[in-house]
Amino acid sequence: MTTTPAERPRASVFIATSVDGFIARPDDGLDWLTGQPDDELTGEHDPDQDFGYGDFFASVDALLMGRGTYDVVSGFAGDWFYGETPVYVWTSHPDDLAPREGAVLRPVTGSLEEVVARLVADGIGHVYVDGGKVIRQFLAAGLIDRMTISTPPVLIGEGIPLFGGTGDDIRLELVSCETFDGGMVQRVYDVVR
């Protein structure tokens, strides 16, 4: 895909990976990240220990995630985590997308180009890209501008990888690296064009 930043929304990633590069267990489990059983996850974060997520989230106009990621986060207990921020769900089956109470869902279908065109048409200036497959597709197409990757000190052995299958090398520039109590390391990268 060949677009310039002026022709598309700014696209950012904010995600956690295990030290061995996985974003979830093979069954989509996140217990390794939260220390809680998956059926107790609320998606809520302590604002005093949210690792910058609150400020990041306040900077975006919308989220774009794949269907698999939506199915996982829609299963979190409690109120809809993303509030009134529009959540675009990239799916080939929009008719069976179960809306979550309080969610502003915007199903999108089609190619990567069609999805980006929809974001542009809707006036989205900054999009939060989430979910392994969607992130990899955006990276491969040169559409990610910044990535914030938080890594707790845990190896999980197997799972859903964040990276792989992007084709060519993708050069990154380290913007910052911070450590937190408990050993969490957070790196922020700009993608070099």
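Rings of Phe, Tyr and Trp (its six-membered ring) pair if their centres lie within 6.5 Å; planes under 30 degrees apart count as stacked, over 60 as edge-to-face and the rest as tilted. By this rule, ring pairs link Phe14, Tyr53, Phe56, Phe57, Tyr70, Trp80, Phe81, Tyr82 and Tyr128 into a cluster. This is a predicted model, where local features need pLDDT of at least 70, side-chain atom pairs count only at pLDDT 80 or more, and totals for chains, interfaces and linings use all residues. Residues are numbered from 1 along each chain as its sequence is written, and side-chain values use heavy atoms, without hydrogens and water.

**The sheet**

- Eight strands form an open, mixed sheet in the order S5-S4-S3-S6-S1-S7-S10-S9. Strands (E, at least two residues) and helices (H or I, at least four) are DSSP runs, numbered from the N terminus. Two strands pair if DSSP finds at least two bridges between them.
- Strands S5 (105-108) and S9 (172-179) are at the edges; each has a single partner strand, so one side of each lacks a neighbour in the sheet.
- S1 (residues 10-16) and S7 (residues 146-151) run parallel, joined by five bridges. Valine 13 has methionine 147 of S7 as its bridge partner.
- Helix H5 (residues 132-140) packs on the sheet and touches S1, S3, S4, S6, S7 and S10. Contact means heavy atoms within 4.5 Å.

**Strand S3**

- Five of the five residues of S3 are buried, meaning under 20% relative accessible area; over 50% is exposed, and in between is partly exposed (1.4 Å probe, protein chains only).
- Ala62, Leu64 and Gly66 point one way from S3, while Leu63 and Met65 point the other way.
- S3 pairs with S6 in the parallel sense over four bridges, and leucine 63 stands opposite tyrosine 128.
- Four bridges also join S3 to S4, again in parallel. Here leucine 64 stands opposite tyrosine 88.

**Aromatic pairs**

- The count comes to 13 aromatic pairs.
- Phenylalanine 56 and tyrosine 128 have ring centres 5.0 Å apart and planes at 80°, so this pair is edge-to-face. Phenylalanine 56 lies in helix H2 (residues 53-58) and tyrosine 128 in strand S6, so the pair ties together parts 72 residues apart in sequence.
- Phenylalanine 56 is buried at 12% relative accessible area. Tyrosine 128 is buried at 4%.
- Phenylalanine 57 also pairs edge-to-face with tyrosine 128, with centres 6.5 Å apart and planes at 80°. These two residues are 71 residues apart, and both are buried.

Key. Axes are lines fitted to C-alpha atoms, for helices over the stretch in contact, and angles run from 0 to 180 degrees between N-to-C directions.
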